[in-house]
Amino acid sequence: MGFKVKDHYFNKAKKEQFLARSVYKLEEIDNKFKILKKHDQVLDLGYYPGSWIQYTHKKVKSVVGVDIKEVNKKLLNLKGVTLLKKDAFEIEDIADLGVETLFDVILSDMAPDTTGIKSVDQDRSLALVEKVFGVMPTFLKKGGNLVIKVFDGNDAQMFLKSNKNLFESFNYFRPKSTRSVSKEFFVVGKGYKG
Ligand SMILES: C[S@@+](CC[C@H](N)C(=O)[O-])C[C@H]1O[C@@H](n2cnc3c(N)ncnc32)[C@H](O)[C@@H]1O
């Protein structure tokens, strides 16, 4: 992850001292859908290396980042940021994340290690998406927002279709900064019905 593709967004991120070019995806999503607010408590799943944390912590009250990778020490002194080395498949309760109240926003840019075998990669990605939707009732406040990365595929489309009613609005969005070869898009759910 990080600065693999040396394109315009790669150079921009380096210049602006962001840890990954993916920051521009979140920025575009947030500008369009107004996801983050000043008093929010945010959960960022699959945060590493942490460009979304760099962006988010300036806009909200607090953000908890979770990733299977070692904690990125570059981010430890950022105000309102807590980082945890954890597998998303092992978190069941907000107490596992050291907080007492439900989150206002869940962000998930999680992606599995890709094998290059399309069906395997799609299945692994969908398993991550299903996990996030699975914990949502115990993690996300009523009225809360969700941004989640999805790898396109028939099963993913069916899964999303059957869950769209969980939110007041449910949009599919492909930021301009997404690499053209990528099958990913983002789902933006606003107003979780609980
Ligand atoms: C595309 S990167 C995230 C980039 C990040 N949004 C940023 O701006 O720097 C995807 C991350 O998902 C993490 N990930 C994949 N599976 C995970 C799991 N089961 N639990 C937690 N994190 C996971 C990977 O370790 C990887 O760091």
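**Aromatic pairs.** I began with the aromatic rings of this predicted model and counted 11 aromatic pairs. I then looked up Phe18 and Tyr24, whose ring centres lie 6.1 Å apart with the planes at 85°. Phe18 has a relative accessible area of 18% and is buried. Tyr24 is also buried, at 4% relative accessibility.

I next examined Phe170 and Tyr172, with ring centres 6.1 Å apart and planes at 70°, so I recorded this pair as edge-to-face. Is Phe170 buried or exposed? I found Phe170 buried, at 15% relative accessibility. For Tyr172 I noted a relative accessible area of 38%, which makes that residue partly exposed.

**Helix H2.** I turned to helix H2, which spans residues 23-33. Of its 11 residues, 8 are buried, so I describe H2 as largely enclosed by the rest of the structure. I listed the buried residues as Val23, Tyr24, Lys25, Leu26, Glu28, Ile29, Asp30 and Phe33. What covers them? I found that the cover includes helices H1 (8-15) and H3 (51-56). It also includes strands E4 (103-108), E5 (140-151), E6 (167-173) and E7 (184-192).

**End of H2.** I looked at Lys32 and found its charged end over the ring of Phe33, 5.6 Å from the ring centre. Lastly, I checked Lys34, which follows H2 and has a positive phi, near 50°.

Definitions and conventions:
Residues numbered from 1 in each chain as written. Predicted model: local features only at pLDDT ≥ 70, side-chain atom pairs only at ≥ 80, totals over all residues. Heavy atoms only, no water. Phe/Tyr/Trp six-rings, centres within 6.5 Å; stacked < 30°, edge-to-face > 60°. Buried < 20%, exposed > 50% of the residue type's maximum accessible area, 1.4 Å probe, protein only. Lys NZ or Arg CZ within 6 Å of the ring centre and 35° of its normal. Helix = DSSP H or I, 4+ residues; strand = E, 2+ residues; numbered from the N terminus. Contact = heavy atoms within 4.5 Å.
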